[in-house]
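Hello,

Here is the structure I promised to pass on to you. Please open it alongside this email, and I will walk you through what turned up.

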Amino acid sequence: MKKGGATTAAEYLASLPAGRRDIVSKLRALIRKQLPRGYKETTDWGMICYGVPLSTYPDTYNGRPLCYLALASQKNHLALYVMSLYTDKAKERKFREDFKKAGKKLDMGKSCIRFKKLEDLPLDVIAKLVAGTSVKEFIAIYERARK
């Protein structure tokens with residue numbers, strides 16, 4: 001059983017309080033609209049994940065699909081995890097610049113963008129970020145990072 005018990009995105013969303021469910025649902029819709037072909041939505045690690053299926057790229061360090069993005073409701077915030085930012089410093093710099101230009105305050109860890117409400121995020125910048133890395137490019141980023 002996966003952490004939190006949800007085995008689908010719909011189950012994950014149903015488990016959230018109404019206010020958080022609305023925010024996560026809207027961000028999920030944006031992600032699904034912008035997500036490049038080849039990524040698959042799943043639930044893993046107690047989150048909604050978007051990753052490279054093992055049928056496309058089986059050579060992962062942990063035997064699990066390569067996670068490109070994840071969306072989660074944490075105890076004190078909501079989070080969007082963007083693995084390509086953690087492993088590609090040029091993408092991270094550009095993202096930080098775009099976020100700042102949008103006039104929003106970025107609360108970010110290594111790959112985790114923390115927020116409390118949808119208005120905390122520049123949705124056009126998030127859409128561009130989501131759409132910006134093909135499966136092929138993400139696999140290449142992953143392989144460079146693993147060397």
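This is a predicted model: local features need pLDDT of at least 70, side-chain atom pairs count only at pLDDT 80 or more; totals for chains, interfaces and linings use all residues.

**Starting from Tyr50**

Is Tyr50 buried or exposed? Its relative accessibility is 0%, so Tyr50 counts as buried. Leaving aside residues up to four places away in sequence, Tyr50 touches Arg28, Ile31, Arg32, Leu35, Lys40, Glu41, Leu66, Cys67, Tyr68 and Leu69. Tyr39 is worth a look as well: Tyr50 and Tyr39 are eleven residues apart in sequence, and their C-alpha atoms are 6.0 Å apart in space.

- β1 and β2 pair in the antiparallel sense over five bridges, and Lys40 stands opposite Gly51 in β2.
- β2 (residues 47–52) and β3 run antiparallel and are joined by five bridges. Here Gly51 stands opposite Cys67 in β3.
- β3 and β4 (residues 78–82) also run antiparallel, with five bridges between them. Ser73 has Leu78 in β4 as its bridge partner, and a hairpin of four residues joins β3 to β4.

If you follow Gly51 on screen, you will find Lys40 opposite Gly51 and Cys67 opposite Gly51 too.

How many residues of β3 are buried? Strand β3 (residues 66–73) is mostly covered, with eight of its eight residues buried. As you look along the strands, remember that in a regular strand the side chains alternate between the two faces of the sheet.

**Helices against the sheet and each other**

Next come the helices. Helix α2 (residues 18–34) and helix α5 (residues 123–131) pack at an angle of about 40°, with their axes 8 Å apart. That angle makes α2 oblique to α5, and their crossing is right-handed. Which residues make this contact? On the α2 side they are Leu27, Leu30, Ile31 and Gln34, and on the α5 side Leu123, Ile126, Ala127, Val130 and Ala131. By class, the residues of the contact of α2 with α5 are eight nonpolar, one polar and no charged.

Helix α4 (residues 89–101) packs with α5 at an angle of about 160°, with their axes 9 Å apart. This makes α4 roughly antiparallel to α5, and α4 passes α5 in a right-handed crossing. The contact is made by Lys94, Phe95, Asp98 and Phe99 of α4 together with Val125, Ile126, Lys128 and Leu129 of α5. In the contact of α4 with α5 there are five nonpolar, no polar and three charged residues.

Best wishes

Key: Residues are numbered from 1 along each chain as its sequence is written. Side-chain values use heavy atoms; hydrogens and water are left out. Axes are lines fitted to C-alpha atoms, for helices over the stretch in contact, and angles run from 0 to 180 degrees between N-to-C directions. Helices (H or I, at least four residues) and strands (E, at least two) are DSSP runs, numbered from the N terminus. Angles under 35 degrees count as roughly parallel, over 145 as roughly antiparallel, 65 to 115 as roughly perpendicular and the rest as oblique. A crossing is left-handed if the near helix is turned anticlockwise from the far one by less than a right angle, and right-handed if clockwise. Contact means heavy atoms within 4.5 Å. Ala, Val, Leu, Ile, Met, Phe, Trp, Tyr, Cys and Pro count as nonpolar, Asp, Glu, Lys and Arg as charged, and the others, Gly among them, as polar. Buried means under 20% relative accessible area, exposed over 50%, partly exposed in between (1.4 Å probe, protein chains only). Two strands pair if DSSP finds at least two bridges between them.
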